[in-house]
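Got your viewer open and your selection tool ready? Let's take a walk through the inside of a protein.

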Amino acid sequence: MKNHRLSLLLAVAVAVVFGTLGILRDSWNSVTGDEGTYLAMASSLAFDGDLEFAGADLARLEAGRGGGRVTLSLQRTHRGVRFSKPILYPLVAAPFYRVFGEWGLVLLNLVVLGGALWLTLGYLERRTTPSEAALLLVTFVGVSVVFPYVGWKTFDLFQVALSLAGLVLCLGALRPATEDSKGRARWVVEHIYAPWCGAILLGLLVSIRYPNALLLLAVVAILLSVQERKRALGVAVLAAAAFGLILVLTWFSSGAFNPYKADRASFSPTAGDLLALFDPIDSKAGLEAHFKSNRATSSLGAAPRIKPRVSLYSALYFFIGRHTGLIFYFPCALMLTFYALRYRDRMGVILLLAVAGSVTFYLLWLPHNYFGGAGFLGNRYFLSAYPALLLAPLRLPSRRFLAGVWIVGALVAISALGSAAQAGGLDQSSQNHTYAGVFRYFPYESTASDLDGSRDRFWAKELTRFVDPFVQLKAENFYLWTNSPATELEVAHLRTDAVMRFWVSSEEEKLEIVYSDRGGSRTIPLAGRRGIRQIIEIEPASSWRYHPLWFRNVWDHGLPYHVRTYRLRLVSPSGKTAKASIRYLGHDQLPTFLFGSRVLQAALPAEVVGGSVTTVSVKIQNMGSDNWDSTSDLPVFLSYRISRAGIEDP
């Protein structure tokens, strides 16, 4: 009973942590990335009974604009414009959507996860005591990012449920049971028809993403290895039948067998592509033009496009990346892998190979996007393979290892909560948990070009990446406040020298810039009689790493980018609140070519009588490439000065 209380307490703690993070980033009222498409698909099936993108769908999108709800992936087939995502999840979600609206998808996620966990509890109770089984199951779900995907209105958690239930039903009875084992769901795992039900679930899983077939192949290989040939054949046939059924339904509903291989395109509010959808006059032309110019992933082939350096960097960040590292998001997976390697048998080895194969596929075929897209949390492509690790160990983890995993999870949770609270309203993206604590000691994602809440700028022919949200970004400059935390930046450039120059302007008379990097901290005073207009020059610490893959435009060039991380903070010696506008100039001095001028006419009188009023007409031509603006980050002030001929003005 005591252990059951511990499991319940830990489960409540997990729910509180992830629920608080959801509230801090307003996740419950926002939609990110693929969620928009799946909501639109479920809505179309619930109210129209089809997956065609038509006028009714457009009207619903217009009514619910904002919060990412209009982000869409569409495909063009012989049956017209259709939604372009796997259909299984929206098929199951449509009744839930009809009754409960958007929250119906969250309810569906809870239902399928609950069912899969009930089956898994029965499997674990065959092998250990009920209390130990509950503790391991809570660890499996809680010390990973499985639970937060309940709130993601996509098929990610649906995949976890299919994978977990399918593997348990197909393989659970192969693991030895303890003599005194008990379990409410044990009979389901041991039932004669359990493998057939599991085979159907795995076939459905493959229909969502084809790389999931590695798990099905692993099940067949395991059954063959224990001389269960008829059962292996039955599993393969039933899985193929389930997969074929979804394939046929996909063809009839959309006109294409594979939604990822059709002529498809994505539309998002940030890219402005939605004009093609919301403008009744130009919508058809806009859609056609977009399908022709952006084929999305339809060019993905059967063989990988080998890019060793990209795959190598992606593999590194798969383990230790700030946004995808297993140490943060799947510490339980590391523990289970260790146990599967230490206490292994043929079944465990095959399952580990299936997991490794799944990871390798994404690192080779999608090395730039191995983590699963912009609005990801952890590595969502890893989720479907994760359940295989629970069945891989021949011996279950000890309490000592479980305690160690929970300590890591607690440290990560505290860091995430502190970071999200500190970010506040400055950033409510899915990445606001990565700005503080242990996350700060691991590298920012190297191959991600479109992270949720991305704050990258290509200034002065160098990439400037704002790692945290403590600045206000403009097109050419950013703002620092004296009452805000220091902002962290990363700069990548090709120069051999390291000097960095910034143009600083402020209406205050006296401020200080505090610059800090791994070489130390220094204070740079700013002073001016009528506000600050000043170039500051900084010699940063030497670069500790070279990065050949920093951003998409040069990935194929293989150029070694010097990467530096530093922080900037604005300080007012008087303690008053102040703001400064800062522009990164890179290596260049102030670009005076922006402000060239020429006097076209200046008809000055030969003599002006004292006490009289004289009008002087002057015409000046702007020869630069920028507009003259006294309020911009590089302000221009027009002034005049009259001096007596032959006498130098003081």
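This tour stops at cavities, then aromatic rings, then charges sitting over rings. Keep in mind that you're looking at a predicted model.

**Stop 1: the largest cavity**

How many cavities of 30 Å³ or more does the structure hold? There are 2. Start with the largest, which has a volume of about 60 Å³. To see what surrounds it, select F318, S358, V359, Y362, L363, Y370, N379, Y381, F382 and A385, which line this cavity. Now colour helix 17, residues 346-365: this helix gives the most to the lining, with 4 residues. What classes of residue do you have selected? The lining of the largest cavity has 8 nonpolar and 2 polar residues, and no charged ones.

**Stop 2: the second largest cavity**

Clear that selection and pick H323, Q431, Y435, Y444, D452, G453, R455, F466 and V467. These residues line the second largest cavity, whose volume is about 40 Å³. Here the lining has 4 nonpolar, 3 polar and 2 charged residues.

**Stop 3: a stacked pair**

Time for rings! The count for this model comes to 34 aromatic pairs. Select F361 and W365, a stacked pair with 4.6 Å from centre to centre and 20° between the planes. Both residues lie in helix 17, 4 residues apart, which is about one turn of the helix. Is W365 buried or partly exposed? W365 counts as partly exposed, because its relative accessibility is 21% and the buried class means under 20%.

**Stop 4**

**Stop 5: a cluster of rings**

Select F140, F318, F319, F330, F382 and Y386 to see one aromatic cluster.

**Stop 6: charges over rings**

Two last selections. Pick R395 and Y343: the charged end of R395 sits over the ring of Y343, 4.3 Å from its centre. Then pick K579 and Y479, where the charged end of K579 sits over the ring of Y479, 4.6 Å from its centre.

Note on methods:
Residues numbered from 1 in each chain as written. Predicted model: local features only at pLDDT ≥ 70, side-chain atom pairs only at ≥ 80, totals over all residues. Heavy atoms only, no water. 1 Å grid on protein atoms, 1.4 Å probe; cavity = no way out; pocket = protein on both sides within 12 Å on 5 of 7 lines; lining within 4 Å. Points joined across faces, edges and corners; volume = space filled by probe spheres on them. Helix = DSSP H or I, 4+ residues; strand = E, 2+ residues; numbered from the N terminus. Nonpolar A, V, L, I, M, F, W, Y, C, P; charged D, E, K, R; others polar. Phe/Tyr/Trp six-rings, centres within 6.5 Å; stacked < 30°, edge-to-face > 60°. Buried < 20%, exposed > 50% of the residue type's maximum accessible area, 1.4 Å probe, protein only. Lys NZ or Arg CZ within 6 Å of the ring centre and 35° of its normal.
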